[in-house]
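Please keep the structure open as you read along.

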Amino acid sequence: MTTTTTGTRSTAKGATGTAHTRVEGRDKVTGAARYAGEIPFADLAHGWLVVSTVARGRIRSIDTAPVLAQPGVLAVLHHENAPRVETDYVGMLGVPDPTCAVFQHDRVPHLGWPVALVVAETSEQAREAAETLVVHYEQESHDVEFSSARPDAYPADGYMPAVAEKGDLEAELVASDAIVDEEYTTPEEHHGMMEPHAATALWDGGRLEVVDSNQGATWVVGELAKMFSLDPASVRVRSEHVGGGFGSKGVRAHQVAAVMAATVLHRPVRVVMTRRQMFSLTGYRSPTAQRVRLGADADGRLRALEHRSLNLTSTVHEFIESAAGPARVMYDADAHHTANRVVRLDVPTPTYMRAPGEAPGSFALESALDELAEKCGLDPIELRLRNEPERGPVSGLPFSSRNLPACFREGARRFGWADRDPRPGLRREGRWLLGTGTAAASFGAGAGPSTAVATAEPDGTFTVRIAAADIGTGARTALTLIAADALEVSPDRVRVRIGDSDFGPAMIAGGSMGTRSWGWAVMTAATELRGRLALGADIPPEGITVRSDTTAAVGALARKERHSFGAQFAEVAVDVTTGEVRVRRMLGIFAAGRIVNPLTARSQLIGGMIWGISMALHEEAIRDRATGGLYGADLAGYHVATHADVPFVEADWVDDPDPDDPVGIKGIGEIGIVGAAAAVANAVWHATGVRHRNLPIRPDRVL
Ligand code: MOS
């Protein structure tokens, strides 16, 4: 197995595979790049959301008159006067979260639910008025209590079947030589991206235009068109720069409220969410309670594997955090049972958050594997290698490629795993106990249909247009390199324009499928354009334009288990006097398809790994039983890993081009966080001899 060293060696001829700085990097660091909340519009009005202060009940009345009399106030929208929207439809990702269908009824399903939008000439006037708006509620008692013992939990599908079962679990457990049976929990976690959700809506010559910050212009067009009963062709969504998404930047209350206000007022209206509003209106990762039962022969071969996960959702929308999903891909067993369950509470609706399902699921499963290795007296890597499946354990499908063993071998070599004494609690350095841990990672490697437009300009440059979203990943730069190679020109002759639904339908930046799906369409269009130019065509003043549509090609992909894989390694030091855990170094080796731009790919992967440190040690949103809200719903109260918490983190990859993708891409958006928290937790066990099955591993839990 060959490896590439980050940023120094090419995996292919041409631009792809060599390190390139972001094409918009200079614009971003100089402030020239403008984000949704700061793009100027003539005659712009500003909306400010008012959210509920009770966790359950009804709106009895809203005292709009005093607020309407305040300076600059133009309107107060609420459930009695706002335009009606359609909510009964299936969108790009299924049934939408009705949290975004604001002001349609008087019910309050959770604290922080939007009850009104105050619109004024300036944002300050809107805020002042919104903060003085009095809303009367008929309060009802609420229930926000999440626990594994909820009798009202039920199995639910989400984006995979709720339950998958083969074999006789109890019989295989009885026949096993080594058994692990534990419960693992992960807390409520929030995305908290730097750029808050923001949108400006306006009507322009009969067309609705929304300037937004999202993960897919096509997605937002589709949802808004359905909600407002418009022809999708009469909706345009632009989203050129996005300051982080992580799964939460789809359709949210702010776009819908802005469209309503622009419709009522006949002028552009901007709605920007506050940081606190984001904690209740933009989704989050549900807490999970997971039970894992493993049974193995003395040689470590799995006879029984059970992974059951419970998450919470709101009373308005069913969102499933499919934490039992990774087991269906990672390990086979004679009896293999997995189930995702959910309980409905009076809380905001959770949503996709980086590696939904895999991030918390891998914590439980990969911790349990480590516990099984201990019981079998086997090295944790050896245990995993002995359980490498030939085919998808549940699906029975062949893997498109599965280079997990190569990740472990390369990672073990570089991390220095061979010298590791497996016994816990032995290494001491002053007041620090030292340990190392590992975990496996996987994430789906899919593709979605996209269209792209490639134009040869008369001046010898090329323009590529695609409704892609660069949410900070470097997608725009990756697409530039892919187009340059397909056109056989240097990247500085290629300009890639993204973030505009008028460029045609395209995949979202989600599911780790963005760059892969867009790259396919860009390569297809650019390759065909190059073919035309090779015929010696003269370039007319309007240029020569080629369009691609990958719907048929993507739809023709054979059914296989398509995944990226990885091996995570962590070294920790645990302070025996304070319980503080310091991660000293991390290494992640990934088999995640062809790497287009090693520079930004490395950033994407280490970003995920750092989030894994944060998940393992810091992050938890604590819901207050009395109010139904969160303690510290802001970036001061929500603890995340910062520079001082982040040591030397190294990410690299083994050669693993996807055999069925024209560029060879699999997707690296999410796999960096998968297994990272388990690697840290397993290292804490190795340091101290104590298992931590509840995240985060806070000092008070360590002591
Ligand atoms: Mo990702 S959680 O699919 O944006």
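## Helix packing and the domain contact

In this predicted model, helix H9 (residues 358-376) and helix H16 (residues 676-688) have axes that come within 8 Å and cross at roughly 35 degrees. The crossing of H9 with H16 is right-handed. On the H9 side, the contact is made by Ser362, Phe363, Glu366, Ser367 and Asp370, and H16 brings Ala677, Ala678, Ala681, Asn682 and Trp685. Sorted by class, that contact of H9 with H16 has five nonpolar, three polar and two charged residues.

Now to a second pair. Helix H12 (residues 475-487) packs with helix H13 (residues 514-534) at an angle of about 30 degrees, and their axes are 8 Å apart. Angles under 35 degrees count as roughly parallel, so H12 and H13 are roughly parallel to each other. Their crossing is right-handed. Among the contact residues are Ala475, Leu479 and Ile482 of H12 and Trp518, Val522 and Met523 of H13.

The two contacts by class:

| H9 with H16 | five residues | three residues | two residues |

Finally, the domains. The domain assignment gives domain 1 (1-9 + 379-446 + 557-703) and domain 2 (448-555). Their centres, taken over C-alpha atoms, are separated by 33 Å. In the contact, 19 residues of domain 1 meet 17 residues of domain 2. Strand E19 (432-444) and helix H15 (598-617) are the elements that give two or more residues to the side of domain 1 that touches domain 2. That side of domain 1 has nine nonpolar, seven polar and three charged residues.

Methods:
Residues numbered from 1 in each chain as written. Predicted model: local features only at pLDDT ≥ 70, side-chain atom pairs only at ≥ 80, totals over all residues. Axes fitted to C-alpha atoms, helices over the stretch in contact; angles between N-to-C directions. Helix = DSSP H or I, 4+ residues; strand = E, 2+ residues; numbered from the N terminus. Left-handed = near helix turned anticlockwise from the far one by under 90°. Contact = placed C-beta atoms within 7 Å. Nonpolar A, V, L, I, M, F, W, Y, C, P; charged D, E, K, R; others polar. Domains from an automatic or database assignment. Parallel < 35°, antiparallel > 145°, perpendicular 65-115°, else oblique.
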